Amino acid sequence: MTRLLAFLAAALCVGCSAYQLGGPKPAFRHVEVAPIRNSTSRTGTHAVLHGKLLEALAADPRIKVGPGEALLEAEVVRYQRDGFTTKTGDAYAFTSYRVSFEVRCTLTTDGGKRVLFKDRAFRSVATLQIAGDPAAEELSLGPTLFADIAAQVREAATTAW
């Protein structure tokens, strides 16, 4: 019985010896976030997205944000707000909306010679239920949606290549 336990303990140690805390090593150690472009009619989105991208990338202990090996370029390419209702008589008086953003990103290393991904789409969708000021409530969704997109971008950027 002790031999079996010793064998199992040794197998567990050998099997877990390759584990690295924090995931696999990314293809770069430093990443620069270029100024965000916005081709939508929704103003002010580029500043919010830029901040959320910096926060998300800085949260990964394996990389540093700043000039260096990689360059992340992003563009907000789509903003959409669709009204919807659950009541049959509310076709012209929407109280709920589906708000979505789409961002396209390109990540390069080695001065643009190596492309890790190009024009990759990242999307986030939320439901907005109007309770007070519609404009203010819609603006309050931006940080949440862009935080979700930034998390998706960080995951894609730091995945082993």
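Which residues make up the covered face of strand 1 (residues 30–33), and which the uncovered one? The legends below take up this question and then turn to other sites. This is a predicted model, in which local features need pLDDT of at least 70 and side-chain atom pairs count only at pLDDT 80 or more, whereas totals for chains, interfaces and linings use all residues. Residues are numbered from 1 along each chain as its sequence is written, and side-chain values use heavy atoms, with hydrogens and water left out.

**View A. The two faces of strand 1 and its parallel partners.** The covered face of strand 1 is formed by Val-31 and Val-33, and the uncovered face by His-30 and Glu-32. Here and below, helices (H or I, at least four residues) and strands (E, at least two) are DSSP runs, numbered from the N terminus. Strand 1 runs parallel to strand 3 (residues 64–65), to which 2 bridges join it, and it also pairs in the parallel sense with strand 4 (residues 70–84) over 3 bridges; two strands pair if DSSP finds at least two bridges between them. Val-31 has Val-65 as its bridge partner in strand 3, and Val-31 stands opposite Ala-70 in strand 4.

**View B. The largest nonpolar core.** A nonpolar core is a set of buried Ala, Val, Leu, Ile, Met, Phe, Trp, Tyr and Cys residues joined through side-chain atoms within 4.5 Å, where buried means under 20% relative accessible area, exposed over 50%, and partly exposed in between (1.4 Å probe, protein chains only). The largest such core has 32 residues, and those with the most contacts inside it are Leu-53, Leu-72 and Leu-107. Two or more residues of this core come from each of strand 1, helix 2, strand 4, strand 5, strand 6 and helix 3, and the largest share, 8 residues, is given by helix 3. Leaving aside neighbours within four places in sequence, Leu-53 is in contact with Val-33, Ile-36, Leu-72, Ala-74, Ala-150 and Val-153, contact meaning heavy atoms within 4.5 Å.

**View C. Thr-45 in helix 2.** Thr-45 lies in helix 2 (residues 45–58) and counts as buried because its relative accessibility is 4%. When residues up to four places away in sequence are not counted, Thr-45 touches Asn-38, Thr-40, Val-76, Phe-101 and Phe-146.

View D. From C-alpha to C-alpha, Gly-142 and Ser-124 are 10.0 Å apart in space, and they are 18 residues apart in sequence.

View E. Asp-110, placed in the loop between strand 5 (96–109) and strand 6 (114–129), has a phi near 55°, a positive value in a residue other than glycine. Its relative accessibility is 48%, so Asp-110 counts as partly exposed. Asp-119 lies in strand 6 and has a positive phi of about 50° although it is not a glycine; because its relative accessibility is 44%, Asp-119 counts as partly exposed.
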